[in-house]
Amino acid sequence: MSPRAARAKLEEDLGRLDITDEEATPLVVDDRDDGPVQKWSLAGKVLHRTAFHIQTIASALRPAWGNPRGLMFRSVGINMFVADFATKRDRDRVWEGSPWHVSNNAVILCEFEDCMQPSELRFDRLSLWARIMNLPFNLRDQKWWLPIAHQIDKKATEVQFDHVGGFLRVRVTIDIANPLRRWVLIDSAKRKSMDMYEIQYEHVPHFCFSCGRLGHSDSLCPNPGHRDENGKLPFGKGLRASDDWKKPSVSEGSTGPSQNRKAETRSSSNAANKGTEATSPQKKNPNAKRKTGVVPKEYRRVEVPLLKNNPDGEGMSVVVYDDPTKGAMTGGPGSVEVHERDAKKKKPTPTNSDNSAAATMKPCPEQ
């Protein structure tokens, strides 16, 4: 509607009302921007039944948007805000990066101008990537991408096929007033059947498993759906796209050094539990090369009763060998050899010495 037609309609509507002259007198203002400063803004709304503080919204979205310079948030209503950007590039990047969320609750964005009224803001569209799963190989050709994508969104233009994941990716814009679409029906002449191909949505925020709409849970659904014979709701977590196929499994491929260390740690602890003797009380370098042809010695602690020493210092010594080479000489590994220690030799006490016992018995000379 042109401005002239809108003015004529307004005058017609006012003519039908019983209004006074004061009510019919407008205020003429020149609210055009004087300076060359231009703002790049987006309006947003968090779909949730409780109110979020503007600081909570800003703290969640600012790091998600890359903390662009000059970004400012201001509240314009319950769970509604306006984000002002310093550059058009940052604004477009955020606009094209949807969906965004605050605590997994959908954030709906729309274009914003300062001259708009709050009632003119339309938070009814959400853009996100959708996947169409398990397509036949003959329908993975590029000529079928757009016809299949238009089954979800008639205006879809960004389409690509992920040959690794085996699905068709489509950038779609959905109406949040409608349930999420669950599948696409394709009647194939070559297959001679009409098959249903599931749809999964990437990074989709919270939605209701009962009605399939965003903004509330199934426990608070105004239009709850019916459960089937198995007790399942019409919608489920199968609509969420998973990226598990992108993460390589740790068990795949050759065993890495870290896995070897873990295996050695487990085997060492198991050996300790079984009572296996350690080869050395000190840590050894596992990468050190051992000398070939040398049999390592093993030592065991042996409890031997104390032997009574003779007054002359004689005694017994015990030696235990676990060396196979020693064992061959002494009767096998673990054999015991007993050696007799020589008595300690005492120095003879000189008889003529003043320190001898005889010298001490002599009487002291008279003074």
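Trainee: How do the residues lining the second largest pocket divide into nonpolar, polar and charged?
Mentor: The lining has 4 nonpolar, 2 polar and 7 charged residues. Ala, Val, Leu, Ile, Met, Phe, Trp, Tyr, Cys and Pro count as nonpolar, Asp, Glu, Lys and Arg as charged, and the others, Gly among them, as polar. This is a predicted model, where local features need pLDDT of at least 70 and side-chain atom pairs pLDDT 80 or more, while totals for chains, interfaces and linings use all residues. Numbering runs from 1 along each chain as its sequence is written, and side-chain values use heavy atoms, without hydrogens and water.

Trainee: Which residues lie nearest the centre of that pocket?
Mentor: D33, K39, E113, D114 and C115, out of 13 lining residues. A pocket here is an open set of points on a 1 Å grid over the protein atoms alone, where a 1.4 Å probe fits, with protein on both sides within 12 Å along at least five of seven lines; lining residues have an atom within 4 Å of a point.

Trainee: Is C115 buried or exposed?
Mentor: Exposed, at 69% relative accessible area. The cut-offs are under 20% for buried, over 50% for exposed and partly exposed in between, with a 1.4 Å probe and protein chains only.

Trainee: How many disulfides are in the whole structure?
Mentor: The search finds 0. The criterion is two cysteine sulfur atoms within 2.5 Å. C221 is in no disulfide, as its nearest cysteine sulfur, that of C211, is 3.6 Å away. C221 is buried, at 11% relative accessible area.

Trainee: New topic. How many aromatic pairs are there?
Mentor: There are 6 in the whole structure. One of them is W65 with W100, edge-to-face, 6.2 Å centre to centre and 75° between the planes. Rings of Phe, Tyr and Trp (its six-membered ring) pair if their centres lie within 6.5 Å; planes under 30 degrees apart are stacked, over 60 edge-to-face, the rest tilted.

Trainee: Where in the chain do those two tryptophans sit?
Mentor: W65 is in the loop between α3 (54-64) and β2 (72-77), and W100 is in strand β4 (residues 100-102), 35 residues apart. Strands are DSSP E runs of at least two residues, helices H or I runs of at least four, numbered from the N terminus. W65 is buried at 0%, and W100 is buried at 16%.

Trainee: What about F73 and F81?
Mentor: They form a tilted pair, 5.8 Å centre to centre with 55° between the planes. F73 is buried at 14%, F81 at 0%. W65, F73, F81, F85 and W100 make up one aromatic cluster.
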